[in-house]
Amino acid sequence: MKYDAIIVGAGHNGLTTAGFLARAGLKTLVIEKNDYVGGAAVSRELQPGWTYSNCSYVCSLLRPEIIRALELPKYGLQVIPYESGATFDSKGNYFNYSSDHDALRRELIRNNPEDADGYERYARAVMRQCKFIKPLLMRTAPDPTSFNPRDISELLYIGKRFYDLGEREMAETVRFWTMSIAEFLDQYIKSDLVKVHLAGSGIIGTGLGPYSPGTAYVLLHHYMGEVDGSIGAWGFSRGGMGSITKAMALSFQDAGGEIRTGSGIDQFIVKNGRVVGVALENGDEFYADTVVSGMDVRRTFIEHTEQKELPEDFVKGVKRYRFRGSSGKLNIALDGMPTFPAAPKDARFLKGDLHFLDGMEELERAYDDWKEGRWSASPYVDFLIPTQIDPTMAPPGKHYATIFVQYAPYELANGTWDDANREAFAKTVIDKISRHSPDFKNLIVHKEVRSPADIEREVGLTEGNIFQGELTFDQLLFNRPVPGYAQYRSPIKGLYMCGSSSHPGGGVMGAPGANAAREVLLDLGKKIDLGAAA
Amino acid sequence: MNKALTPRPQMPMGALPAPFHDRIAAENVQHSWMNWNGYASPGVLDTAEFEYFAIRNQSTLFDISPMCKFRIKGPDAEAVMNRMVTRDVRRQKPGRVSYVIWCDEDGNVVDDGTLFRRSEDEFLLFCQEPQLLWIKDIAWGFDVEVTEATHDLAGFAFQGPTTAATLRDLKIKEIETMRPFDIRDIKIAGKKVMISRTGFTGDLGYELVMAPKDALAVWDAVYAAGQLRGVRIIGYEALEMARIEAGFLLPRVDFISSQTNLRVNRARNPFEIGLDWLVTFDKPHYNGKRALQRLAGVAPKRKLVAIEVSKDKAAHHALVYHRKTREVGFVTSALWSATTKRNIAYAWLEAPFGQEVKDDLWVEIYLQREIEWQRRMERVMIVERPFFVHPRRTVTPPLNF
């Protein structure tokens, strides 16, 4: 069978690329190893009546341009924002982060009178960095060594934006991109509780601690999202994160695309330095002159491409590219709404993201455990009960808890991620939550435990790294994933990358997918159609 | 002293409390009230965005008691209504609602409203503007009684995907067979309620009407039942977002009643407004029919069109240009639509723009960015109303969305 284009992997980026290619008139096939589409944006019913967001669980980064151009709302996507969140400490206090400015100010003052003003300064500093970097997301990163007019003009674009910041802000930007989140926050915030609440976004998904350089940027990456122009806001995808990829799949199929699930790729078929198709594990072969991989860079080039087809320096670059899975996930079906004795009855912030930490030291200790091959004895958790807002994920009165857990190493010092270790990992997390919510444990109807190894096996994310590779400065922009190959093209003619291993990186954003589609179409003498979003 | 000379009460100024005032005030942390037809109506209770998302994701309560309401009863009730509105009321069966407009002799729109046929000889008409005299003028010589019911009926809109599930929890079995625009008489908390599957949001939803003395009991029962399904009281700002997405027009915002305009050229006919689908000529004489027949044969001088605008800044109050230079119209309602992720608006365009000429149209958007104003020219695409369509609005029996 011959197609114009084949996409490997039906995650959100693969489906984004596929959607744009199909809309440009290409006969496009998507292949997926699992029996269902979604990749890490997937919703499955493992306990009858409950729908989980099995991997990714909140939505903000998904680019509105993509939602609009692929008409995802028409295919069922609804993104619903949530209002606030909180961090509980072990002494019975909490800090409630609220999207309401007045409530936030009052709460900051309650924790430390100086932090209300300090937070305003912090927020301004972060927003300035956001404004600088955000326009780069939906653009292909320029190659600094290229004399191609487009690269030069893109470099000039970035250079001018940088220069326009002025000397002091330029210095701030460089500091920001290289600093640790803890030290960045120390400049502005006094309260340990407030600080550690804000620091969470700096370490999520990353094998670094709050005092590691580079974590300030990771925080920025999480702030770049928006829900309807409200920058930094986060929301749920109604019906779970799988609704995003379901909508993308329907949009793609409506544009004439074809999806084959149930068999993954064995090898990219390469002839005379050019890709000609894919051979699947089940023996099927499909042919196309354009093949786009949504898999991460290691899977794509080390596991599914013959090494002799690749230049040595490229293979070296791929091999040194860091993944380092650092997080696990628990999905829990609850028989009712757990109570939090430290929170007032019907506290609105229980509808948002909840955390349980005393301060930065606890977070750094949690990281120390990871370095030694253990999951954190007192982990960072990002705990949400979306069913308080989304009525579709559990029966009325019942609830679903999504619990992101950090740190959890890919390789354990004490053995492998077998059932005993997974159960012990879950127990650590549940015990910690139970210290703040005594009835939580007894409400558990069903749980899904996912270690980094499970995430790698099921979703295909190497070492369970949720971003398809760490989001540190050495692996960003024109260095992502490999210097000289940051423009979605690979050393093999016709073979492209569209996953989060490429610029601008992970999160359910879709930007790598859209950017890759633009480059593919450019090579075919066509233009990506962003419609009214452009 | 003349005993008749006792003080007579002076009418109060400002907005009066509507039937659900206490319940709404208890949740109105922003203390935001608007004056709607003399009643205090909430603008926003806490955050317009979250109230809006409750319409599209959960369920919502909105007090519609301040609407103008009229009862038309008697052997000639059908004839009177058919003489007034542009649709064929003879085809509207008892137990059905229809969206109607009525016009003056020149064919210009007086108002729009929802017409509830309660029985062969009784109608209720809900609309924005006072119409008692207009209906009475039409009814002159007919065997019919026209009364104002604005203050005799309380009501609220119950809108959103989980409304049917909530009514199901309340054991309202009638909803299983109710199609859009159906009316049923039910009981909630032991009180008589007229329920219709109608609304201003374009989503699954109902409107509930009851006697003012029963109003709080019904509201409380629905609000309590809705707790597990995310019910939320909403204000006008959230409803306004949903109504633009749903493709509904608002008198005084998108067009002006031909009975209130001072400037004679402000009156608009159904062909201009894009409501020609409500006009039928296949029925006996009605107000404006002759003028409408004449207007149907000529191209409208201007048109209210649905537009999509490039980028994401809503085109509030923007002027519309052809080729970025010639002014050809203006925007009436605009919204960044959070559900459809489209930048949408309604605009009046002078012919031939928006009709034969649809290309190279632009809106001029002014944005204030930390004091400084910026001017943006964005592309305009003529599109179809409504912007938001969801199958859950019409599926019967309604599902537990």
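**Entry 1: backbone of chain A and chain B**

I looked up A:Glu463 and found it in the loop between α15 (452–459) and β20 of chain A; helices (H or I, at least four residues) and strands (E, at least two) are DSSP runs, numbered from the N terminus. The phi of A:Glu463 is near 55°, a positive value in a residue other than glycine.

I note that this is a predicted model, in which local features need pLDDT of at least 70 and side-chain atom pairs count only at pLDDT 80 or more, while totals for chains, interfaces and linings use all residues. Residues are numbered from 1 along each chain as its sequence is written, chains are lettered from A and ligands numbered from 1 in the order in which they are written, and side-chain values use heavy atoms, with hydrogens and water left out.

I then checked for cis peptide bonds. One joins A:His503 and A:Pro504, with omega about 0°. A:Pro504 sits in the loop between β20 (495–497) and α16 of chain A. Another cis peptide bond joins B:Arg385 and B:Pro386, where omega is about -10°. I located B:Pro386 in the segment after β20 (372–383) of chain B.

**Entry 2: helices α5 and α6 of chain A**

I examined how helix α5 (residues 149–164) and helix α6 (residues 166–178) of chain A pack: the angle is about 115° and the axes are 7 Å apart. Axes are lines fitted to C-alpha atoms, for helices over the stretch in contact, and angles run from 0 to 180 degrees between N-to-C directions. The two helices, α5(A) and α6(A), are therefore roughly perpendicular to each other, a term that covers angles of 65 to 115 degrees.

For the contact (heavy atoms within 4.5 Å), α5(A) provides A:Phe162, A:Tyr163 and A:Asp164, and α6(A) provides A:Gly166, A:Met170, A:Thr173 and A:Val174. I sorted these residues into four nonpolar, two polar and one charged. In this sorting, Ala, Val, Leu, Ile, Met, Phe, Trp, Tyr, Cys and Pro count as nonpolar, Asp, Glu, Lys and Arg as charged, and the others, Gly among them, as polar.

**Entry 3: salt bridges**

I counted 69 salt bridges over all chains, each being a side-chain nitrogen of Lys or Arg within 4 Å of a carboxyl oxygen of Asp or Glu. In one of them the side chains of A:Glu519 and A:Arg150 meet at 2.5 Å, N to O. This pair links distant parts of the chain, with A:Glu519 in helix α16 (residues 511–523) and A:Arg150 in helix α5 of chain A, 369 residues apart.

**Entry 4: domains of chain A**

I read the domains of chain A from an automatic or database domain assignment. Domain 1 spans 2–79 + 238–321 + 470–533, domain 2 spans 83–112 + 327–407 + 409–450, and domain 3 spans 119–189 + 210–227.

The centres of domain 1 and domain 2 of chain A, taken over C-alpha atoms, are separated by 31 Å. I found 14 residues of domain 1 in contact with 23 residues of domain 2 of chain A. The area buried between these two domains is about 1500 Å², of which carbon and sulfur atoms give 57%; buried area is the accessible area (1.4 Å probe) that two parts lose on being put together, summed over both. On the domain 1 side, A:Trp50, A:Tyr52 and A:Tyr57 supply 44% of the area buried against domain 2 of chain A, more than any other three residues. I counted zero salt bridges between domain 1 and domain 2 of chain A.

**Entry 5: chain A against chain B**

I found 25 residues of chain A in contact with 27 residues of chain B. Chain A and chain B bury about 2100 Å² between them, 52% of it on carbon and sulfur atoms. In chain A, the residues that lose the most area to chain B are A:Arg68, A:Gln78 and A:Asp228, together 27% of what that side buries.

Three salt bridges cross the interface of chain A and chain B. I also recorded a salt bridge between the side chains of A:Arg348 and B:Asp46 (3.5 Å, N to O).

Definitions and conventions
Parallel < 35°, antiparallel > 145°, perpendicular 65-115°, else oblique.
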